[in-house]
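Thanks for coming, everyone. Let me put the structure up, and then we'll walk through it.

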Amino acid sequence: MDKIVSLCKRRGFVFSGSEIYGGFVGSFDYGPYGVELANNIKAAWWQAMVHREPNIVGLDSAIVTHPKVWEASGHVGGFSDPLVECKACNTRSRADHLLEEVEVFADEKMSVEEINAVFDSVREKISCPKCGEKKFGPVTKFNLLVKTNLGNFKDDWSADPAYLRGETCQGIYINFKNVLDSTRVKVPFGIAQIGKAFRNEIAPRQYIFRKREFEQMEMQMFVAPADEMKLYTLWKEKRMQYYLDLGFKPENVRWHEHENLVFYAKAAFDIEYNFPFGFKELEGVHARGDYDLTQHQTFSGVSMEYLDPYTNEKYLPHVVETSVGVDRTFLAVMTEFYDEDELGGEKRVVLRFPKKLAPIKVAVFPLLKNRPELVEKAKEVFALLSEHLRAEFDDNGNVGKRYRRQDEIGTPHCVTIDFDTLGEENPMLKDTVTVRDRDTGEQTRVPITELITYLQQ
Ligand code: ATP
């Protein structure tokens with residue numbers, strides 16, 4: 001983990017939020033390569049979930065909605081985590097996480113009484129993660145919704161707040177009818193969305209794994225009640241295959257079944273990834289019944305029923321959900337593709353990203369920085385490539401250093417413009433360049449006219 005965190009900072013992937021002010025807990029900024037990687041992660045998901053799925057359409061709903069949305073969804077009343085405070089140092093921790101460390105199960109669905117009973121039964125085994133004392137107060141419930149005064153100009157706005165969305169899928173449910181009435185879709189169909197979500201996490205930790213402001217990629221598939229479990233099984237398979245297709249090793253991803261289902265859910269499994277701190281939730285795949293549409297129908301008074309054009313049957317569609325965080329995928333991708341090896345007798349760090357995720361697809365170098373004819377030609381090649389691929393022009397330091405820098409950010413190819421490119425040494429090599437492969441270090445001479453095809457293979 002330390003190696004990943006340091007690489008992310010050193011090479012401009014991830015910075016601590018508000019660093020010059022001493023940081024801001026649970027907040028991180030993506031740097032120049034991080035934003036490219038995050039964008040590629042989102043593009044890969046969007047391509048798989050929207051472009052390649054004939055029955056799924058996209059959406060970008062507002063972050064702040066009518067507050068009733070969050071009453072209907074159950075978040076105002078029940079979106080809370082169990083909090084316990086250390087009486088010695090005042091550190092607040094998640095009671096369920098402390099219990100997990102002593103191998104006792106608890107979760108946010110338990111009542112305060114239940115979780116206190118469980119906590120009391122093992123109290124003497126649990127120490128504060130900060131000071132090591134065993135002086136905890138009682139477990140209380142802390143609501144994770146983040147309040148805002150957007151559109152509310154009263155001094156006592158917090159009595160009547162709006163909320164920053166705690167998950168993106170509520171924006172999907174409230175637009176179910178709009179999408180149905182304005183597009184060609186028929187049940188079963190899905191709506192996919194990528195966007196920011198906010199939670200007042202009690203103890204954000206493990207780097208970008210648990211943030212207070214994070215991004216989700218969610219898809220809700222609206223299905224006929226009788227088809228729910230069939231489509232649930234299908235989506236479970238598809239989502240696991242997605243990670244294998246990205247290049248994750250099968251031993252690094254596994255299923256985890258929820259021990260304690262919410263009353264309306266038919267099934268809930270998580271895809272867990274083998275993070276540096278162990279297997280933890282990356283994505284949730286849930287069969288949610290008709291809970292969400294029922295709630296919004298009740299609270300809004302607007303019918304959410306679907307009239308099946310083939311059977312003339314009217315019903316409330318059930319929902320199969322897939323939900324994953326951009327930030328957790330980012331950390332999983334960094335973990336999966338981080339490698340150290342030796343190339344040409346030298347130790348190096350290399351990110352073996354698949355091409356579609358690599359922040360930079362190709363780096364273009366003039367062999368020497370102080371030879372204008374090489375620099376000019378390299379800039380020409382950069383201009384040509386950057387029309388088709390995310391390319392980077394680099395003339396800092398010697399070529400060996402540039403290779404190491406590009407290996408560390410996972411660039412699959414480096415292209416060097418040398419005197420042969422100019423036809424100065426061997427006229428047969430005029431207008432060819434050296435392409436160096438990140439993984440093998442092999443160098444191949446390629447004509448500039450064939451470069452784009454070569455790099456896109
Ligand atoms: P956890 O149990 O780890 O708190 P959760 O079960 O509350 O997660 P969901 O509400 O199912 O998470 O959210 C769906 C996905 O959103 C998660 O699988 C995760 O990838 C991502 N996610 C949730 N909370 C956070 C967070 N605080 N920071 C980063 N990503 C998050």
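Let's start at N175. This residue sits in the loop between α7 and α8. A word on names: helices (H or I, at least four residues) and strands (E, at least two) are DSSP runs, numbered from the N terminus. Two housekeeping points. This is a predicted model, so local features need pLDDT of at least 70, side-chain atom pairs count only at pLDDT 80 or more, and totals for chains, interfaces and linings use all residues. Residues are numbered from 1 along each chain as its sequence is written, and side-chain values use heavy atoms, with hydrogens and water left out.

Back to N175. Is it buried or exposed? N175 counts as buried, at 16% relative accessibility. Buried means under 20% relative accessible area, exposed over 50%, and partly exposed in between, with a 1.4 Å probe and protein chains only. What does N175 touch? Not counting residues up to four places away in sequence, N175 touches L59, S61 and I191. Contact here means heavy atoms within 4.5 Å. L59 is 116 residues away along the chain, with the two C-alpha atoms separated by 8.7 Å.

Now the whole chain. There are 14 helices and 23 strands. The C-alpha atoms fill a box of roughly 80 × 65 × 50 Å, taken along the principal axes. Of the 457 residues, 51% count as buried. Take contacts between residues at least 6 apart in sequence: 65% of them join residues at least 24 apart.

Next, strand β10. Ten of its eleven residues are buried, so β10 is largely enclosed by the rest of the structure. Which strands pair with it? Strands count as paired if DSSP finds at least two bridges between them. Strand β9, residues 189–198, runs antiparallel to β10 and is joined to it by ten bridges. Within that pair, K196 stands opposite E215 in β10. β10 also pairs with β16, again in the antiparallel sense, over eight bridges. There, F222 has V319 in β16 as its bridge partner.

β10 and β16 come up again at helix α10, residues 291–300. The buried residues of α10 are Y291, D292, L293, Q295 and H296. Their cover includes α3 (68–72), α7 (169–173), α8 (176–182), β10 (213–223) and β16 (318–325). Just after α10, G301 takes a positive phi of about 80°.

Three strands, in the order β5-β4-β6, with antiparallel pairing. β5 (92–94) and β6 (140–143) stand at the edges with a single partner strand each, so one side of each has no neighbour in the sheet. Strand β4, residues 80–85, pairs with β6 over four bridges. In that pairing, P82 has K141 of β6 as its bridge partner.

On to the nonpolar cores. A nonpolar core is a set of buried Ala, Val, Leu, Ile, Met, Phe, Trp, Tyr and Cys residues joined through side-chain atoms within 4.5 Å. The largest has 57 residues, and those with the most contacts inside it are F13, L37, W45, F248, F330, M334 and F353. Helix α2, residues 32–51, gives the most to this core, with eight residues. Look at F353. Beyond four places in sequence, its contacts include F13, L37, M334 and R438.

What does α2 pack against? Helix α9, residues 228–246, at an angle of about 145° with the axes 12 Å apart. Axes are lines fitted to C-alpha atoms, for helices over the stretch in contact, and angles run from 0 to 180 degrees between N-to-C directions. On the α2 side, I41, A44, W45, A48 and M49 make the contact; on the α9 side, W235, R239 and Y242.

Last stop, E408, in helix α13, residues 399–408. E408 counts as buried, at 11% relative accessibility. Its side chain has a polar contact of 3.0 Å with the side chain of R10. A polar contact is a pair of N or O atoms within 3.5 Å; within protein, one must be able to donate a hydrogen and the other to accept it, and residues adjacent in sequence count only if both atoms are side-chain atoms. Leaving aside neighbours within four places in sequence, E408 also contacts residues including L7, F13 and V349. That's the tour.
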